[in-house]
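Student: I am new to this structure. Please show me how to read a few of its features.

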Amino acid sequence: MSLDIKVVVKSLENIVGPEYVATEREICYVYSQDCSIEKGYIPDIIIRPNTTEEVSEVMKLANEYKVPIYPRGAAASLVLMGVPLKPHSLVMDLTRMNRIVEFDEESMSVTVETGITWGELELALKEKGWYTGFIGPGPGYSSTIGGAISVCSVYYGSAKYGTAADITLGLEVVLPTGEIIRTGSAALEKAKRHTRYGIGFDATGLFCGDQGILGVKTQATLKLFPLPKAIGFFTFGYEDLDTCHKALYQMAALHIASDLGYVDQIKVPMGPRKYRYLIHGKIESHSDEEFTAQMNLFKEIAKKTNGEDLGPSLGKLLFGDMVYEYFPMAGAFGNYGATCNKVPIAQAKVLHEKFMALQEKYEEEIKKYNILTVWYTFISGSCIDILPQFQIPVDNPESLEFGRKIWKEFIDKEVREEGCIHYWLGKVIGDRVAECYQPSYYEFVKRIKSALDPNRILNPGLLKLW
Ligand SMILES: Cc1cc2nc3c(=O)[nH]c(=O)nc-3n(C[C@H](O)[C@H](O)[C@H](O)COP(=O)(O)OP(=O)(O)OC[C@H]3O[C@@H](n4cnc5c(N)ncnc54)[C@H](O)[C@@H]3O)c2cc1C
C-alpha cells in the first residue's frame, strides 16, 4: 500500500490529540498480540480515541486512505483477534472510553462506553445495589464490555443470565463508513434506552457476536438486576461421567443456578479429590427461604443420582470471593491453547471421548513437552460450554510447535466433525467456521459486510473476509 503515513498520522493527531497517537515500534509491537500463542502483524499506528465523534472521524479518514482498522478492547482473546491480520494497519484502542454514561434505575438499565471493563462496572454498580446478572468472562478485570459483546462472551452468571448479548438492550455503533447509529429503542428520537425490541428487526443482534467486523461499538445499554441477598455454593462428586451429565442436565434445566458446570480432575485436581468429576456452582436468591428451597432442589437431584454433597468447596473457589482472579491471563503452566464451544449437554460425552483419545494418541509428546491438559465446562443458558485446554510452555519452541499442532487438531475435530459452536472465533477458529458455513449463509454474511464496509477496512481477515 502506498500510504503516506506522515499525512495520516497528522490527520489522526488533529482528531484525537498528538498524545493519543503512537507509531513507536515498541508500542506498536505490543499491539500485535492478544493472549493466544499466535501473533498478528505489527500495526503502523495506534490511536486511543476519547469520544464517539472521534471514532467516527477516524473511520472516515481510514476510508479515505483505505487503512485497515482493528478495534481493540483488552485483547484478552485466545484466538488471534483485536490485533492486525493485515500489514500497514491501525489499531484503535478503546480503553479510554470507559465512562458510565447513564445509570437509569427507573428503566433498570445502565449505559456505558464500551471500553469500560467488567470489573470497573461491577464495582460501580455494587455501590448502588445493582449488577448486570451476567458479569463478564473469565478475565473480567481487564476485558471490556465492547469486546465481550463483539464475541457474545459467557461465564460469570451465564447459567441463569446467558451471554453478554442477552443482557444487551441496545448499542451505539460507528459504522465502518463513519455514520453513528443507535439500536434498540434509542433508534427512535424520543425514546429512552429501555428495550431492545419493537422498532423493527433486531439491529442490536446484528452487531452482537459480529467479532467487530460490522462496526465499532461505542456505547452499550445493559440490563440491571438488584444484587441478590442470599448467595451460596455447591459441589457434588461423581465417579461416572454419564451420571454426572445426567445430573447436570437436570440441574441446568431448572435455570436456577447463576453458575453451574463440571470438571474432570483426571489430569488436574481442582477440588476434593475423592471423585473424578465435580459438579459445582453458585445460587443467588432474594431471601434465605428462597435460597434454601433452591439449594434443596439441587441436593435432591444429587442424591437421586448418587452424587456426594461436598459442600461449597470448588463452587466457592471458582465463583466466590475470587471472581475474575481465578483466571490468570496465561495458564498456570504455560499459555493457553484453548477452545470454548457450545453443544447440547448430551453431546458433551462425544467431545470428552475425543479429547481423551487425542491425549492417548500423543501421550509421549504431551509428557515430553510438558503440556498440561484441562477439561473444564460450564452451563450457559440451555447449552454446555466446553473449554478443553492445552497449557503450553511457550519458552520452549518445540513445545510451542507441538502445542500449536495438537490445539488446532482438536479445533478441527470440534468444528469440522462435531459442528461445535464457538463464539470467540478470531482468526484461528473463525477461518474454520467460515469454511463450514452453509454456502448461502456465507453469501449473506458477505453481502452484509460489503454493504456496511464497502472499502473493507474494519477487521479485515476475520471470517476469511478479505
Ligand atoms: C484467561 C482467559 C480466560 C477467558 N475466559 C473467558 C470466558 O470465561 N468467557 C469468554 O467469553 N471469554 C473468555 N476469554 C476470552 C476473552 O477474554 C473474552 O471473550 C473477552 O470478552 C474479550 O474482551 P476484550 O475486551 O479482551 O476484547 P478484544 O480481545 O480486545 O476484542 C475481541 C474482538 O472484538 C473486537 N472489538 C473489541 N472491542 C470492540 C468494540 N468496542 N467495537 C467493535 N469491535 C470490538 C475486536 O476487534 C476483536 O475482534 C478468556 C480469555 C483469557 C485470556
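Tutor: Start with a helix: in H11, the residues Ala-348, Leu-351, His-352, Phe-355, Leu-358 and Gln-359 are buried. Buried means under 20% relative accessible area, exposed over 50%, and partly exposed in between, with a 1.4 Å probe and protein chains only. Helices (H or I, at least four residues) and strands (E, at least two) are DSSP runs numbered from the N terminus. This is a predicted model, in which local features need pLDDT of at least 70 and side-chain atom pairs count only at pLDDT 80 or more, while totals for chains, interfaces and linings use all residues. Residues are numbered from 1 along each chain as its sequence is written, and side-chain values use heavy atoms, leaving out hydrogens and water.

Student: Which strand holds Tyr-376?

Tutor: Tyr-376 is in strand E18, residues 372-380. Tyr-376 is buried, at 4% relative accessible area. A polar contact is a pair of N or O atoms within 3.5 Å; within protein, one must be able to donate a hydrogen and the other to accept it, and residues adjacent in sequence count only if both atoms are side-chain atoms. The side chains of Tyr-376 and Tyr-155 make one at 2.3 Å.

Student: How many disulfides are found?

Tutor: A disulfide is a pair of cysteine sulfur atoms within 2.5 Å. The whole structure has 0. The sulfur of Cys-208 is 5.5 Å from its closest cysteine sulfur, in Cys-152, which is too far for a bond.
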